[in-house]
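Subject: Handover of the structure and notes on it

Dear colleague,

Please find below the structure I promised to pass on, followed by my notes on what was found in it. I would be grateful if you could read the notes with the coordinates open beside them.

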Amino acid sequence: MKSDIEIAQETELYPITKVAEDMGISLDDLELYGKYKAKFSDEFLHSIEGRPDGKLILVTAVNPTPAGEGKTTQSIGLAEAFAKLGKKACLALREPSLGPCFGIKGGAAGGGYAQVLPMEDLNLHFTGDFHAITSANNLLAALLDNHIQQGNQLGIDPRRVVWKRCLDMNDRALRNIVIGLGAKSDGMVREDHFIITVASEIMAILCLADDLHDLKERLGRIIVAYNFNGDPVTAKDLNAVGSMAALLKDAMKPNLIQTIEHTPAIVHGGPFANIAHGCNSVRATRTALKLADYVITEAGFGADLGAEKFFDIKCRMAGLKPDAVVLVSTVRSLKYNGGVPKTELTAPNVEAVKRGIVNLEKHIENLQKYGVPVVVTLNAFLTDTKEETDYIQKFCEERGCEFALSKVWEKGGEGGVELAEKVLYTLENKKSDFHTLYEDELPLKDKLEKIAKEIYGASGVEFSKAAEKELAHLTDLGMGNFPICVAKTQYSLSDDASLLGRPSDFTLHVREVYASAGAGFIVAVTGNIMTMPGLPKTPAANNIDVTDDGVITGLF
């Protein structure tokens, strides 16, 4: 089998103008970034606001394992399968971060014959959205430190600066730094920190903002520090909003590309789901809903993170109502959760599947709490046995879920027809009664405990003294009605990555709480989660190269 990048580079792409034309979009409605990428113009986005919405289908997954589950690949293949069935479908996906691309996880353009293209562009610089977000974030940091240096009229307490610089790269050495060293003119000496760009509040703001006006309102509410009286200091107080918005003006426009089979894909924004809210932009999803009858979108990592945040943050804020959920798993992931080492996952082992299926069971139960019908799909591998897949199918159907095998990695849209048909059956025969897990009025601490107990299966939550104090402080500041965004490991339902399957009788440990006031949610940091990841011993970057004639190799 050819590598993903070989398959991608051998595909004959349509000019993006043709992909748009097939959707009824003219050249005047696009802002071109070369032959194969484009942004939608603001005028076009305004012109389609009155159109009816298509059906919204969320793709999520079980907790990720070293074997890989292929959630993005399934999302792309499902859209291709809808097109094979003659349905008008569109993808709404996140943009990849350079961090995992050069780290350990690789890119996020799908795989095999279910990819979005051009995959090299998407995984690297794309249309510059992440650069704009990084620049806006660091402009705010520069204006903040300059204000302190130039007399500090706002009375900012340098010990209570909460705004961090960012970089779209895994660089652990930047987690904790000291700035302002040198001469007096080089600034005040203080401790500072870097986070990865996809964890920046500006990324979350861009993904949740309705338009430029809403963007500026949200940017203005960002809390950058507290003054000596303990009052918050905002980006608006620093007169930073206009210049930040100028940097983000074009980044606000959703991007249009295509799958290997030329199905349209709107790719925009990209917060991580383990340290941020994990969904593509509201603007991208709304645009797709106006342009297609069926919209396939995804939420990052397992359903305990991505789907929960999609429902409780994105859908709550944007008024979105998903019509169905596709839950992706693999036989190998169930064996892994059943205690089988990574090196032995290809051997038939029904008993391990039976032990590990409790992880899938918990995700099914969680999704059903939101009132949305669930379709379970297995990303099929040649090593799967009929006995194993038959057991999983029966298990899912007994819990009220439709079930389908998917072979989109190997066969593209054709390999996803069975899944697409099950999704269509679900949309036609099972009504969605979507609702969020908790109400806005529930106190912050209670919201967090509800997520921990009902979604993760925790017996309780332990708050550090600092976290408990900050929850009370944020409530006093008028943020008690905000939703909660939990920063947690993706590898377990708990905050301990080593607890596989369906852990119970564990305590969720919340060590830090802070407000993303512009985004409109409260972040709770649990366990040992990092907002600036590090590179592995052998980074993926070691295998990436470019030939003398400009062809990129080793990217996956």
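This is a predicted model: local features need pLDDT of at least 70, side-chain atom pairs count only at pLDDT 80 or more; totals for chains, interfaces and linings use all residues.

Helices (H or I, at least four residues) and strands (E, at least two) are DSSP runs numbered from the N terminus, and two strands pair if DSSP finds at least two bridges between them. Strand β4 (residues 89–93) is joined by three bridges to strand β15 (residues 264–267), the two running parallel, and by four bridges to strand β16 (residues 294–302), again in parallel. Five of the five residues of β4 are buried, so the strand is largely enclosed by the rest of the structure; here buried means under 20% relative accessible area, exposed means over 50%, and partly exposed lies in between, with a 1.4 Å probe and protein chains only. In a regular strand the side chains alternate between the two faces of the sheet. In β4, A89, L91 and L93 point one way while C90 and A92 point the other way, and all are buried.

An open sheet of three strands has the order β7-β12-β13 with antiparallel pairing. Its edges are β7 (156–161) and β13 (232–234), each of which has a single partner strand, so one side of each is left without a neighbour in the sheet. From one strand to the next the twist averages 50°, where axes are lines fitted to C-alpha atoms (for helices over the stretch in contact) and angles run from 0 to 180 degrees between N-to-C directions. Strand β12 (residues 223–227) pairs with β13 over three bridges in the antiparallel sense, and within this pairing A225 has V233 of β13 as its bridge partner. Helix α7 packs on the sheet, touching β7 and β12, and its direction makes about 130° with that of β7; contact means heavy atoms within 4.5 Å.

D145 is found in α7 (residues 129–149) and is buried, with a relative accessible area of 15%. Its side chain makes a polar contact of 2.9 Å with the side chain of R165, and a polar contact of 2.9 Å also joins the side chains of D145 and R190. A polar contact is a pair of N or O atoms within 3.5 Å; within protein, one must be able to donate a hydrogen and the other to accept it, and residues adjacent in sequence count only if both atoms are side-chain atoms.

A second open sheet to look at has four strands in the order β20-β22-β23-β21, with mixed pairing. The edge strands are β20 (460–463) and β21 (484–487), each pairing on one side only. Strand β20 runs parallel to strand β22 (residues 507–516), the two being joined by four bridges, and V461 has L508 in β22 as its bridge partner. Helix α19 lies across β20, β22 and β23, running at about 40° to β22, and α19 (residues 465–479) also lies across β7, β12 and β13, at about 100° to β12.

Helix α12 lies across β21 and β23 (521–526), running at about 155° to β21. This helix, α12 (residues 303–318), is mostly covered, with 15 of its 16 residues buried. There is a kink of about 35° in α12, centred on F310, the bend at a residue being the angle between axes fitted to the seven residues ending there and the seven starting there. Just after α12, G319 takes a positive phi of about 70°.

With best regards

Methods. Residues are numbered from 1 along each chain as its sequence is written. Side-chain values use heavy atoms; hydrogens and water are left out.
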